2 protein chains.
Amino acid sequence: MGTPQLTKNQSLVMGALAHSEGPMSAYTILDKLRDQGFRAPLQVYRALDKLLEYGLVHRLESLNAFVACTCPHEHEHDRGVTAFTICEGCGQVTEFHDAAIEDRLSALVRAQSFKTEKTTIEIRGHCKSCAA
Amino acid sequence: MGTPQLTKNQSLVMGALAHSEGPMSAYTILDKLRDQGFRAPLQVYRALDKLLEYGLVHRLESLNAFVACTCPHEHEHDRGVTAFTICEGCGQVTEFHDAAIEDRLSALVRAQSFKTEKTTIEIRGHCKSCAA
DNA sequence: ATCGCACACGTTATAGCATAACGCAATTGA
DNA sequence: TCAATTGCGTTATGCTATAACGTGTGCGAT
Ligand SMILES: [Zn+2]
Ligand SMILES: [Zn+2]
Ligand SMILES: [Zn+2]
Ligand SMILES: [Zn+2]
C-alpha cells in the first residue's frame with residue numbers, strides 16, 4: 001500500500017507542482033502542461049485526485065489550489081493533521097504538523113461524538129519577509 | 001463599533017441563513033430570495049461581505065458556503081479562532097472555540113515569524129446520528 | 001443651497017473552478 | 001475468451017465569484 005507507479009499524466013502534474021514556487025490552481029497547471037499535450041481540465045483533475053489519494057499533494061481549500069507535499073513520508077502512517085501557513089504577500093506555503101493540536105482537536109471532536117474524516121487547518125497572513 | 005443597522009439586502013440574506021438548517025451557497029441564497037426581488041449574485045455577495053465583516057456570518061472554505069454565526073457575542077472581542085465540524089451526512093455544522101488550540105497555533109506560527117490574519121479550521125466527517 | 005463624497009444598490013458581462021457523460025484502449029484475472 | 005477495472009481524451013455543462021458600469025440617496029463642508 002505504498003505509492004503506486006505514477007502514470008504519465010500523474011507524473012506531469014506532480015512535476016509541475018514540485019517545481020513550482022507556490023500553490024497552483026488546476027487551470028494554472030493545465031496551462032503549464034499544454035506543451036506536453038494537455039488539452040482539458042479533466043486531465044488535470046483526474047491526476048490530482050490520485051495524487052491527493054496517495055498523499056503526494058495537498059489541496060488548499062481557502063485558495064482552491066494545490067501544493068506538493070513537503071514531507072510525504074509523514075503521511076505514510078495515515079494519522080496526522082496537516083496545517084498550512086499561507087502568505088498573502090508572496091504566496092509561500094509552509095506545511096506543518098503538531099501532535100498537541102491533533103490531540104486537542106481529537107478530544108473536542110470526540111466530546112461531540114463526531115467522527116473525523118478530514119481536517120483542514122489553514123492560516124492566512126504574512127510571512128516574515130512580507131510583514132509590513 | 002458594534003454591528004451597524006443592517007440594510008434591507010443584508011437583513012434578507014441574514015434571515016435566509018438564520019432560518020436555514022445548514023450552510024448555503026451564495027447561489028442557493030439567491031434562489032431563496034428571488035421572491036423578495038433578488039436577481040443577481042452580486043446582491044448576495046455584497047451582503048455577505050458585510051455580514052462577514054460584522055462577524056454575523058462565517059464562510060466555510062471547504063464547502064464554498066456560508067452559515068450564520070451561532071455565537072456572535074464571542075466575536076465582539078476580535079481575538080478568537082473559530083472551528084467547525086461539518087457532517088457529510090446531514091450537513092449539520094457546529095461552531096466551536098478553544099483557547100488551547102488558539103494558544104498552540106499562535107505559538108507555532110510565531111515560531112515561523114508569521115503574522116496571522118485569518119485562521120480556518122474545518123473538520124469534515126460524520127456526526128453522532130450519521131455515523132455508520 | 002450645492003457641491004463633493006461615501007455607500008448601497010441594480011444590471012450585464014465575464015472570469016475562474018469543477019464535474020457529467022460519452023466513448024476508446026490497455027490491463028488483468030477468472 | 002470474456003468480463004471488470006483503470007486510465008485516457010473530448011465535449012459540454014454547471015457552479016462559484018468578480019469586473020465594470022451606472023443610479024440614487026444621505027450627509028457634512030463650503
Ligand atoms: Zn504533506
Ligand atoms: Zn510572504
Ligand atoms: Zn461565530
Ligand atoms: Zn449528520
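Is B:Cys127 buried or exposed, and what is its relative accessible area? B:Cys127 is buried, with a relative accessible area of 8%, where buried means under 20% relative accessible area, exposed means over 50%, and partly exposed lies in between, as found with a 1.4 Å probe and the protein chains only.

The views below show a predicted model, in which local features need pLDDT of at least 70 and side-chain atom pairs count only at pLDDT 80 or more, while totals for chains, interfaces and linings use all residues. Residues are numbered from 1 along each chain as its sequence is written, chains are lettered from A and ligands numbered from 1 in the order in which they are written, and side-chain values use heavy atoms, with hydrogens and water left out.

**View 1. The zinc ion (ligand 4) and its donors in chain B.** The zinc ion (ligand 4) is coordinated by the SG atoms of B:Cys87, B:Cys90, B:Cys127 and B:Cys130 at 2.3 to 2.4 Å; donors are N, O and S atoms within 2.8 Å of the metal (3.2 Å for Na, K and Ca), and sites may look incomplete because water is not among the atoms. The angles among the four donor atoms run from 106 to 112 degrees, and the site is tetrahedral, a term used for four donors if all angles lie between 85 and 135 degrees. Ideal angles for four tetrahedral donors are 109.5 degrees. Along the sequence, the donor residues of this zinc ion (ligand 4) are spaced C-x2-C-x36-C-x2-C. Whereas B:Cys127 is buried, B:Cys130 is partly exposed, with a relative accessible area of 27%.

**View 2. The zinc ion (ligand 2) and its donors in chain A.** Here the protein donors are the SG atoms of A:Cys87, A:Cys90, A:Cys127 and A:Cys130, which lie 2.3 Å from the zinc ion (ligand 2). The arrangement is tetrahedral because the four donor atoms subtend angles of 106 to 112 degrees, and the donors follow the spacing C-x2-C-x36-C-x2-C along the chain. A:Cys127 counts as buried at 5% relative accessibility, while A:Cys130 is partly exposed, with a relative accessible area of 27%.

**View 3. The aromatic pair of B:Tyr27 and B:Tyr45.** The structure holds one aromatic pair over all chains, where rings of Phe, Tyr and Trp (its six-membered ring) pair if their centres lie within 6.5 Å, and planes under 30 degrees apart count as stacked, over 60 as edge-to-face and the rest as tilted. The ring centres of B:Tyr27 and B:Tyr45 are 6.5 Å apart and their planes stand at 70 degrees, so the pair is edge-to-face. Since B:Tyr27 lies in helix 2 (residues 26–32) of chain B and B:Tyr45 in helix 3 (residues 41–53) of chain B, the pair ties together parts that are 18 residues apart in sequence; helices (H or I, at least four residues) and strands (E, at least two) are DSSP runs, numbered from the N terminus. B:Tyr27 is partly exposed, with a relative accessible area of 47%, and B:Tyr45 is partly exposed as well, at 32%.

**View 4. A salt bridge between B:Arg104 and A:Asp98.** Over all chains the count comes to ten salt bridges, each being a side-chain nitrogen of Lys or Arg within 4 Å of a carboxyl oxygen of Asp or Glu. One of them joins the side chains of B:Arg104 and A:Asp98, at 2.5 Å from N to O. This pair crosses between chains, from helix 4 of chain B, which holds B:Arg104, to the loop between strand 4 (93–96) and helix 4 (99–111) of chain A, which holds A:Asp98. B:Arg104 is partly exposed, with a relative accessible area of 34%, whereas A:Asp98 counts as buried at 11% relative accessibility.

View 5. B:Lys50 is partly exposed, with a relative accessible area of 33%, while B:Glu53 is exposed, at 55%.

**View 6. A:Asn64 and its positive phi.** Most residues other than glycine have a negative phi. The phi of A:Asn64 is near 50 degrees, a positive value in a residue other than glycine. A:Asn64 is placed in the loop between strand 1 (57–60) and strand 2 (65–68) of chain A, and A:Asn64 is partly exposed, with a relative accessible area of 37%.

Notes:
Four donors count as tetrahedral if all angles lie between 85 and 135 degrees; four count as square planar and six as octahedral if opposite donors are over 155 degrees apart and all others between 65 and 115; anything else is irregular.
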